[in-house]
Amino acid sequence: MMTSVDTDLIRVLADPLRLRIVTLLAKEMLCTTHLVEETGARQTNLSNHLRVLREAGVVETEPCGRFTYYRLKPDVIASLAGQFAEMAESARTAADNKRSCP
């Protein structure tokens, strides 16, 4: 049975900068300073995007002295990937289904 795709999470990840942040965090934990260097975004803009990702449950923080490191929560991404995989499987099995027009 196919579940619906988490549209709120898709909206969060649809922003190019947030997707870039998630891609970077998939490789390693980074602090805001690292993310500013990697993305070229302003620190305040980056902090706002990190807040959105945190509130959506995509990333979590780890304090380290005066810095805050960000870590991707892989289970959230895996869940979304699973939802898309279910949708793809449903499309494969429904390829010959066609509803009649009235």
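Modeller: Let us begin with a definition: a nonpolar core is a set of buried Ala, Val, Leu, Ile, Met, Phe, Trp, Tyr and Cys residues joined through side-chain atoms within 4.5 Å. Please keep in mind that the model is predicted.

Biologist: How many residues does the largest nonpolar core have, and which have the most contacts inside it?

Modeller: In soluble globular proteins, nonpolar side chains tend to be buried together. Here the largest such core comprises 20 residues, and Ile21, Leu53 and Val58 have the most contacts within it. Two or more residues come from each of α1 (7–14), α2 (16–25), α4 and β3. The greatest contribution is that of α2, with 5 residues.

Biologist: Which residues are in contact with Val58, leaving aside its neighbours within four places in sequence?

Modeller: With those neighbours left aside, the contacts of Val58 include Leu9, Leu13, Val22 and Leu53, and also Arg71, Leu72, Val76 and Ile77.

Biologist: Which residues of α2 are buried, and where do they fall when seen down the axis of the helix?

Modeller: Burial here means under 20% relative accessible area. In α2, the buried residues are Leu17, Arg18, Ile21, Val22, Leu24 and Leu25. Viewed down the axis of α2, they fall within an arc of 160°, and therefore line one face of the helix.

Biologist: Which residue caps the N-terminal end of α2?

Modeller: The cap is Asp15, with a side-chain oxygen 2.9 Å from the backbone nitrogen of Leu17.

Biologist: Is His49 buried or exposed, and which residues does His49 touch beyond four places in sequence?

Modeller: His49 belongs to helix α4. Its relative accessibility is 11%, so His49 counts as buried. Not counting residues up to four places away in sequence, His49 touches Asp15, Leu17, Arg18 and Ile21.

Biologist: In what order do the strands form the sheet?

Modeller: The open sheet has 3 strands in the order β1-β3-β2, with antiparallel pairing. The edges are held by β1 (30–31) and β2 (59–64), each with a single partner strand, so one side of each lacks a neighbour in the sheet. Between β2 and β3 (residues 67–72), the antiparallel pairing extends over 6 bridges. Helix α4 (residues 43–55) packs on the sheet and touches β2 and β3, its direction making about 115° with that of β2.

Biologist: Which residue in β3 is the bridge partner of Glu60, and how many residues lie between the strands of the hairpin of β2 and β3?

Modeller: In β3, Arg71 is the bridge partner of Glu60. The hairpin of β2 and β3 has 2 residues between the strands, and Gly65 takes a positive phi near 65° there.

Methods:
Residues are numbered from 1 along each chain as its sequence is written. This is a predicted model: local features need pLDDT of at least 70, side-chain atom pairs count only at pLDDT 80 or more; totals for chains, interfaces and linings use all residues. Side-chain values use heavy atoms; hydrogens and water are left out. Two strands pair if DSSP finds at least two bridges between them. Helices (H or I, at least four residues) and strands (E, at least two) are DSSP runs, numbered from the N terminus. Contact means heavy atoms within 4.5 Å. Axes are lines fitted to C-alpha atoms, for helices over the stretch in contact, and angles run from 0 to 180 degrees between N-to-C directions. Buried means under 20% relative accessible area, exposed over 50%, partly exposed in between (1.4 Å probe, protein chains only). The arc is that of the directions from the helix axis to the C-beta atoms. A polar contact is a pair of N or O atoms within 3.5 Å; within protein, one must be able to donate a hydrogen and the other to accept it, and residues adjacent in sequence count only if both atoms are side-chain atoms.
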